[in-house]
Amino acid sequence: ARIYPQTSLRLTYLAPSAFLLGNVALLAGALVNARVAMLWAALIALYLGLALIDVGARTRHPGLVVMTVATIVLSHLTYGAMFLRGLVTPKLNSALR
């Protein structure tokens, strides 16, 4: 985000971080309020349903559909976490240099 601020602040780059933070907030809320739990479950079901429909339209192999959807979820969560980490890390050091 700091190296390329003109592109890093686009909605498509911020969406995984919002997804991660939203899930954390809704999970915390779900632990204390049943309505929040139902909302969180409905939103997760919608997200997974849309992902299943999209991937299912591209392949008919059930195992591949499940693995692909799991990969999509994990990549969104990981990208969101690492994007936020990059925002709060004072100095980014590359392991490649």
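Reply: Let's start with Thr 59, which is buried, with a relative accessible area of 19% (buried means under 20%, exposed over 50%, partly exposed in between, with a 1.4 Å probe and protein chains only). Keep in mind that this is a predicted model, so local features need pLDDT of at least 70 and side-chain atom pairs 80 or more, while totals for chains, interfaces and linings use all residues. Residues are numbered from 1 along each chain as its sequence is written, and side-chain values use heavy atoms, without hydrogens or water.

So where is Thr 59? You'll find Thr 59 in the loop between α3 (34–58) and α4; helices here are DSSP runs of H or I with at least four residues, numbered from the N terminus. A polar atom of the Thr 59 side chain sits 3.3 Å from the backbone nitrogen of His 61. Leaving out residues up to four places away in sequence, Thr 59 touches Leu 64 and Val 65, where touching means heavy atoms within 4.5 Å. Val 65 is itself one of the buried residues of α4.

Now step back into α3. Its 25 residues should span 36 Å at 1.5 Å a residue, and its end C-alpha atoms are 36 Å apart, which agrees (the expected span is 1.5 Å times one less than the number of residues). At the start of α3, a side-chain oxygen of Asn 33 comes within 2.7 Å of the backbone nitrogen of Arg 35. Ala 51, Val 55 and Gly 56 are the buried residues of α3, and they pack against α4.

Asp 54 forms a salt bridge with Arg 58, with the closest N and O atoms 3.0 Å apart; the rule asks for a side-chain nitrogen of Lys or Arg within 4 Å of a carboxyl oxygen of Asp or Glu. By that rule, the count comes to 1 salt bridge. Side chains of opposite charge can pair when their charged atoms come close. Asp 54 and Arg 58 both lie in α3, 4 residues apart, about one turn of the helix. Asp 54 is partly exposed at 37% relative accessible area, whereas Arg 58 is exposed at 67%.

The structure holds 2 aromatic pairs, and in one of them Tyr 79 and Phe 83 are stacked, 6.2 Å centre to centre with 15° between the planes. Tyr 79 is partly exposed at 36%, while Phe 83 counts as buried at 10%.

How confident is the predictor? The chain averages a pLDDT of 89, and 88% of the residues score at least 70 (pLDDT is the predictor's confidence in each residue, from 0 to 100).

Notes. Rings of Phe, Tyr and Trp (its six-membered ring) pair if their centres lie within 6.5 Å; planes under 30 degrees apart count as stacked, over 60 as edge-to-face and the rest as tilted. Helices (H or I, at least four residues) and strands (E, at least two) are DSSP runs, numbered from the N terminus. A polar contact is a pair of N or O atoms within 3.5 Å; within protein, one must be able to donate a hydrogen and the other to accept it, and residues adjacent in sequence count only if both atoms are side-chain atoms.
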